[in-house]
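These are my notebook entries on one structure, written down in the order in which I looked things up.

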Amino acid sequence: MITSTELSKYRQCLRQLIDRIDKMAYQCAYSDALIQGTPSEVFRTCGQKNCQCLSDRSKRHGPYLVVQTYQDKKQRQFAIRQDQKEIWQKAKNYQKQINTLSELKKTCLELTDTVHEIIKQRLEKLEK
């Protein structure tokens, strides 16, 4: 039989995991608008022969906002104009959601492992 102290620790651990799962699931379901893509800032060369951007990497022009997506099984990069920053923000929201989903999956696995450990210990103590 599991002692009441051990059981209390397991209950506390399970409650914390369930709370984390609840919070992450809420963030995934009720967050800001999304655009599938990877937002980034890039620096570019202009192509003028006498411009310093060709010879010195630190003198490149930018930063310019871009969103990278896959379209027709090819990676595409779309430049975002200054008046379209909300598109870049939506792509940032998408990346945040993907990271939250990854954490959610890890936490669910941790919950499953914890419950499995509880069952295993209960069976071992029952057999003794």
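Is Arg20 buried, exposed or partly exposed? I looked up its relative accessible area, which is 38%, so Arg20 is partly exposed; buried means under 20% relative accessible area, exposed over 50%, and partly exposed in between, with a 1.4 Å probe and protein chains only.

Before going on, I note that this is a predicted model, in which local features need pLDDT of at least 70 and side-chain atom pairs count only at pLDDT 80 or more, while totals for chains, interfaces and linings use all residues. Residues are numbered from 1 along each chain as its sequence is written, and side-chain values use heavy atoms, with hydrogens and water left out.

**Entry: helix α1.** I looked up the extent of helix α1, which covers residues 4-29, has 26 residues and reaches 37 Å from its first C-alpha to its last, close to the 38 Å expected at 1.5 Å a residue. That expected span is 1.5 Å times one less than the number of residues; helices (H or I, at least four residues) and strands (E, at least two) are DSSP runs, numbered from the N terminus. I then looked for buried positions in α1 and found Tyr10, Leu17, Ile21 and Met24. The buried residues of α1 pack against α2 (85-127).

**Entry: salt bridges.** I counted four salt bridges in the structure, taking a salt bridge as a side-chain nitrogen of Lys or Arg within 4 Å of a carboxyl oxygen of Asp or Glu. Side chains of opposite charge can pair when their charged atoms come close.

I went back to Arg20 and found that its side chain meets that of Glu110 in a salt bridge, at 3.8 Å from N to O. This pair links distant parts of the chain, with Arg20 in helix α1 and Glu110 in helix α2, 90 residues apart. Glu110 has 36% relative accessibility and so counts as partly exposed.

Because Asp19 and Arg15 are four residues apart in helix α1, about one helical turn separates them. Asp19 is partly exposed at 40% relative accessibility, and Arg15 is partly exposed at 47%.

Within α2, I found Lys106 and Glu103 joined by their side chains in a salt bridge of 3.6 Å, N to O; both lie in helix α2, three residues apart, about one turn of the helix. Glu103 counts as partly exposed, at 38% relative accessibility.

**Entry: nonpolar patch.** I looked up a nonpolar surface patch of about 370 Å², made by Val115, Ile119, Leu123 and Leu126. Leu123 lies in helix α2 and counts as partly exposed, at 45% relative accessibility.

**Entry: strands β2 and β3.** I found strand β2 (residues 61-71) and strand β3 (residues 74-79) running antiparallel and joined by six bridges; two strands pair if DSSP finds at least two bridges between them. Gln68 has Gln77 in β3 as its bridge partner. The hairpin of β2 and β3 has two residues between the strands, and Asp72 takes a positive phi near 55° there.

I finished with Thr69, which is found in strand β2 and counts as buried at 15% relative accessibility. Leaving aside neighbours within four places in sequence, Thr69 is in contact (heavy atoms within 4.5 Å) with Gln36, Gly37, Lys74, Gln75, Arg76 and Phe78.

Terms used: Patch = residues over 30% accessible without salt bridge, like charges linked within 9 Å, V, L, I, M, F, W, Y side chains within 5 Å. Areas by Shrake-Rupley, 256 points an atom, 1.4 Å probe, with all protein chains shown as cover.
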